[in-house]
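Thanks for making time this morning.

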Amino acid sequence: MPLSYTIAVIAIPLLMFLFLGLVGVKMEKKLTGILGCIGMLVTTVLAYGVALTYFFGADQGQMTDGVRQAVTVFNPDWLSFSKTLVVRMGIMLDPIAAMMLIVITTVSMMVHLYSLGYMCDHHGHAEKGFQRYYAFLALFTFSMLGLVVATNLFQIFIFFEMVGVSSYLLIGFYYESPAAIHASKKAFIVTRLADLFFLVGILILSFYTNTFDFFGSEVNGIAGMLDNPQASLAQAGTASFMGCSAMAWALTFIFIGGAGKSAMYPLHIWLPDAMEGPTPVSALIHAATMVVAGVYLVARLFPLYVIEQGAMDIICVVGAFTAFYAAAIACVQSDIKRALAFSTISQIAFMMTSLAVSSAGGELIQIHGGYGLGYMASMFHLFTHAMFKALLFLCAGAIIHAVHSNENDQMHGLHKYMPITSFAFLIGCLAIAGIPPFAGFWSKDEILVAAYQKGIGWGIWMSMVAGMTAFYMFRIYFLIFHWKEHKVHTEHAPADQPWTMTLPLIILAAISVVAGFVPAAKLVTWDGAPLHTQLNWTVACTSVLIACVGIGLAYKMYYKENPLPQRLADRYRGLWTAAYKRFYMDELYQFITHKVIFQGICKPIAKFDRAIIDGFFNMLAEVTNTVSFGIRKLQSGSIQAYVYVYFFGALLIAAVTALFVIF
Amino acid sequence: MESLGNIIMFFVIVLSIIVFSVLTVTTRRLLRSATYLLFVLFATAALYFKMDYPFLGAVQIAVYAGGIVVLFVFSILLTQHPDDDAESLSKPRKWLGIVAALAGVALSAAALFGYAKFCGRLVPAMDDVTMEKLGRFLLSTEKWGYLLPFEAVSVLLLACIIGGVVIARRR
Amino acid sequence: MEIFSNILIYFVIVPLLTLLGLALCSNRGIAAVRAVAVTGATALVGLAGWLVYMFLQARGAGDTSEMILRTDVTWYAPLNIKLALGVDGVSVVMIVLSAFIVFAGVFASWKMNPLPKQFFLWFYLLSTGVFGFFISIDLFTMFMFYEVALIPMYLLIGVWGSGNKNYSAMKLTLMLMGGSAFLMLGIIGIYFHSSANGQLTMNILEIARNNAIPHDWQLWLFPLTFIGFGVLGAMFPFHTWSPDGHASAPTAVSMLHAGVLMKLGGYGCFRIAIYLMPFAANELGWIFLTLTGISIVYGAFSACVQTDLKYINAYSSVSHCGMVLFAILMFNTTAMTGAVLQMLSHGLMTALFFALIGMIYGRTHTRDIRDMGGMMQIMPYLGVGYVLAGLASLGLPGLSGFVAEMTIFVGAFEHADTFRRVLTIAATCSIVITAVYILRVVGKLLFGAVQNERHRELTDATWEERLSTATLIICVAIIGCFPNFFVNIISDSFLPIVKALTQAV
Amino acid sequence: MNGGLTMNLTLLLYLIPSLIMFGCGVYGFMTRKNMIAIMISLELMLNSIDINFVLFNRYLFPDQMEGMFFTLFAIAIAAAETALALAIIINVFRIAKDVDINKINKLKF
């Protein structure tokens, strides 16, 4: 299949969005859903075709000497800032872009299908705004696809904004609920703040490299910023600000942009709230695709980051801390979606850390394929995580749809009633916990190896977080499906959902089982050359052991109803509450935005405007008015008064003139 | 050197002008004021005669003394109540007027004495201003001719007549 | 006459003919008034399209002169005042913008009451001034048209406005007139130094070519002219007419005023102040750059706490128009192109905002966001329009705001000195603040539960309202999706100005 | 005839009464409240100016007649003006029953 078909992959969702958005309102609700699914199916098939062609197909310029090259399919000018600085809207395929095509279309397809069932009530009637929902899904898919095939940094920024908006619209889908509006607003503004840094980063970077393009195009004869990263850095080397080079600043700012989308600490606060959106949306956007945009961004600029070690260290620290922080919170959350959201944050932080450690030196490098290992592991984990996290969210959606609550104390013991869901969830949990042979094991193992390469401390830290992952995932699992007998409501007992909802679960579960065997090391590497890896038995065994300990602990505490969890919570009340309240980050933000910015800046400025500036101009008017009314008295209409003034005026002038004549 | 008659004439005219002017503005009764004005106008007419402008003197008497003053008298009689003939002046107003008048007079006098060269002149000899000469100038369109202002004044008088009729007509 | 063969003059003639037609309409029936007004507006849009075509043809045929479609007609020979017509890319896009906003404005004031005929008379007089300003390149003629555009505002607000309209109309007119006074001083000063030793002239091109204004004079005349136009461009601290004026003005007038009239300020700033006095621009630019930088952030912060929809928009206009002047003062082609894009973008989306606010206000009779909520359920069309306008305002890619802001930021970042860097980064912060206040309004006004049960009976947009808003939305989307078309028209126009600036250092 | 009283009747001597007359006119105009009295003062001032015209003509330019003609026209115009003014005053009196200038202020505003 020609790689230029990628255009269709991008265009179909866009057309779908326009069609459903403009015409859909007039159409039968179900029909729009089916149309959306068909459109998505075509997109998915095309995307698979393109991606597989890129990886395995006949050579279309993507392989040179066994090294995969980036292929620019299409790259027209979109906006010319100056002769050299041009924003292009193009399509570029390279290993990660092709992989992302598969991830996005797969999850999106599953979500489209799943939503057919989920967005209906129990009688099978589609919800209000069904058409809008599918239009927004198409818009999101388009934006995300546009983001991953971007040929230049600015295009990524553009689609960053687009996915942000689609996310905003979908989180706020239930726009009558105040919580949803609040969450959507929060998500948009926090990511917007991060995008601001991203923008500044782009401005700095493009100023010094004089291009936005990643790779130069032979047609235009220009060099991109990744063609020769050293040269790009050298251009910025002379400039420095506050002791760091301009490039370090730029890359850090760009990372902050990515951190906003990828919910790194402290910009993570929007993601748990984003769960106010419909659950399939959470699966698609806030678990599988959009939230990894930040990881993708850093991976995209990896050649630059590798050289600029300072920025890399920041990413590493932030990632490692976030992984632990989110895992700790996930251990105590009672809302199933919240817990999954924190798990997502933690897992994305794994990917970030993995990218950041991959440039570390050390003797292990020679054995394990050099500094591309972390990069490869990160991308691989991105892929597997997307699958099993989507699976987990869709399962959660099925459960919520069945019991009408997000809280796990409303669930308990559902295993009997929803066996398919239960098995699918279990597979997801095993995958994320890193139990072989499920997908998560393979990718997480690589990440841990890369972390040990960076330093033994990093490795231990990440292993510990991996153990926590296993613990909190199985905590959720046991609390939902076991713990104690479910109180069956008489009107409708929870049961497995219709086939539109279970089929995606089964497919994703299957993928989660086998995805680990994808030869990622051969396909997805930062320089395109295959990476030779081998299983590091020490790391693998330890990590499996730690995961098992985590699972065992969860089994002990949560499989059967027992007072142990409550006792622990009571004993460490302070810690437990802090973790449950997410370490008060939301309150901190609330304080800054409301008390400091709104009350402390906006209100005084508005007052200042009315009182001082407006007051000044009003005062001018007032003074004029007063003086005018004062002067008006002079215009009395009394002729004699005029004569006095006139006569004495004339005398005065005469006298003055006389004085001048005399002297 | 002037003849004594001239000097006496001069003093009579000048004194009557001064005295009656002052009386005109200082008397409280309007009717008297108008009468004093009449005397002033007569004295002025006499001055014109003395300056060898008999036509001007005649006009002065006919128009001013004969016309305007009569108008004044009529309007005074029409507007005055019999009992409020005395007009009282407030002190500050009076003094302000005196100061203004004196200051003006003083300034002008200073200017006059500053131009002693002109002011010291005597009356030069002059041809008679005959009526013929006057009429020619008045109706001439040549240089020094006054036809245009003459016509303008006639239009003005017409406008004035019409205006007077319109204003005075009872609506 | 030769001048009638120039298409540009018709941009003045058509509104005047419309005026005449309106004057002939009967006072009673509104149908004839509407017909004439719509005909005039449509003719203007058609003319604007034709102008773009002619412009592209001329440029395509290799006509690289600074201004094309030049015609001079002597007006008052002793002072060498001419009716000098000519356009470059910037004028062309501004004319197109004005035509579309007039078109949308006519439909937005479809149900104008009372005195529809008189309203449209003044409305078209205002348009005459606006178009006249953009087509002329003679200082005197420009100033005359500028005044023609300003004066009708007083009556339009004072008679057809709402709220505290007398105060607002008076304030707006007086402040803008105050600006004009500065401007007139500046123009007279320029005139008397327009030529070193020959015939004095009012023609901008000749003045720029002569480049004869002495440096010490430039230092006086530049602030006068810049402030004169800056008042209209809502530059801090001369912006306070904007919130009150916009709040009281009727819908179409707000649209035209924020959409086009405020652009006269930005246009004049670079066409007259900077182009003719490049030395002073280089010397004093930093003062105004600081002021406009303050405008951007200050307007955005102020907008965050307002509760009246129109006030929010007016402060947002202060912020966005500050961006225009900010970009103009960056003195490079990219930023200046961005400024023009921002003028286009702000003109369209603010007009859209005011149109929508007017339509909502016409139904609910309140503009206080605390009294409204859940409008999306009641009037989905207007709600979607408002969200789109909001997204354009906060810079969603694919809509015009993004393109404009990014061009400005990239252009502004071309200067490597710390002062401009800091200002640029401060200006970029406004994109976050903008998001805050836009989402705040959208959340309170459109989403959530219906606040007032009586609002449930309200209807969605009528056909003329749909037409009016759809026109603007489509324009916004076209600029956002195909920016290079506009950039190509605009950017070359700045070469002479940038050249003058670099030579004057 | 040479002995006794001798004096030269210079221009100055004639100008002094005219000046005093003007001063009286000013005083009257400023102080009087009755409109007719004001008109009378006005006549005084006009008259003094007339005298000046005649005097300057006679003393300085005896061959010409400008001063005389000016006076002539001034008299004509004064007559017209007085007639009109008095007509107005009488009309005002009809309406306001008063000719005090301080009380006739209803035309204002």
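What follows is a short walk through the model you now have on screen.

Please keep in mind throughout that this is a predicted model.

Let me begin with chain C, in which there are 20 helices and two strands. Along its principal axes, the C-alpha trace of this chain spans about 75 × 60 × 45 Å. If you ask how that sits with a compact globule, the rule for 505 residues gives a radius of gyration near 23 Å, and chain C agrees because its own value is 22 Å. Of those 505 residues, 64% count as buried. As for how the chain folds back on itself, if we take contacts between residues at least 6 apart in sequence, 80% of them in chain C join residues at least 24 apart.

Within chain C I would like to pick out one helix, α12, which runs over residues 309–328. Its 20 residues, at 1.5 Å a residue, should span 28 Å, and since the C-alpha atoms at its ends are 29 Å apart, the helix agrees with that expectation. Is α12 of chain C mostly covered or mostly uncovered? It is mostly covered, with 20 of its 20 residues buried.

Now to the way the chains meet. Four pairs of chains touch, and among these pairs the most contacts are found between chains B and D. Where chain A meets chain D, the contact takes six residues from each of the two chains. On the side of chain A that touches chain D, four of the residues are nonpolar and two are polar, while none is charged. Chain C, by contrast, has no contact with chain B, the closest C-alpha atoms of the two lying 34 Å apart. Nor does any contact join chain C and chain D, for which the closest C-alpha atoms lie 23 Å apart.

D:G67 has its place in helix α3 of that chain, which covers residues 66–96. Why do we call D:G67 buried? We do so because 22 other C-beta atoms lie within 10 Å, where the cut-off for a buried residue is 20 or more. Leaving aside residues up to four places away in sequence, D:G67 touches D:F53, D:V54, D:F56 and D:N57.

Definitions and conventions. Residues numbered from 1 in each chain as written. Chains lettered and ligands numbered in written order. Predicted model: local features only at pLDDT ≥ 70, side-chain atom pairs only at ≥ 80, totals over all residues. Helix = DSSP H or I, 4+ residues; strand = E, 2+ residues; numbered from the N terminus. Rg over C-alpha atoms; globule rule 2.2 N^0.38 Å. Buried ≥ 20, exposed ≤ 12 C-beta atoms within 10 Å, placed from the backbone. Contact = placed C-beta atoms within 7 Å. Expected span 1.5 Å × (residues − 1). Nonpolar A, V, L, I, M, F, W, Y, C, P; charged D, E, K, R; others polar.
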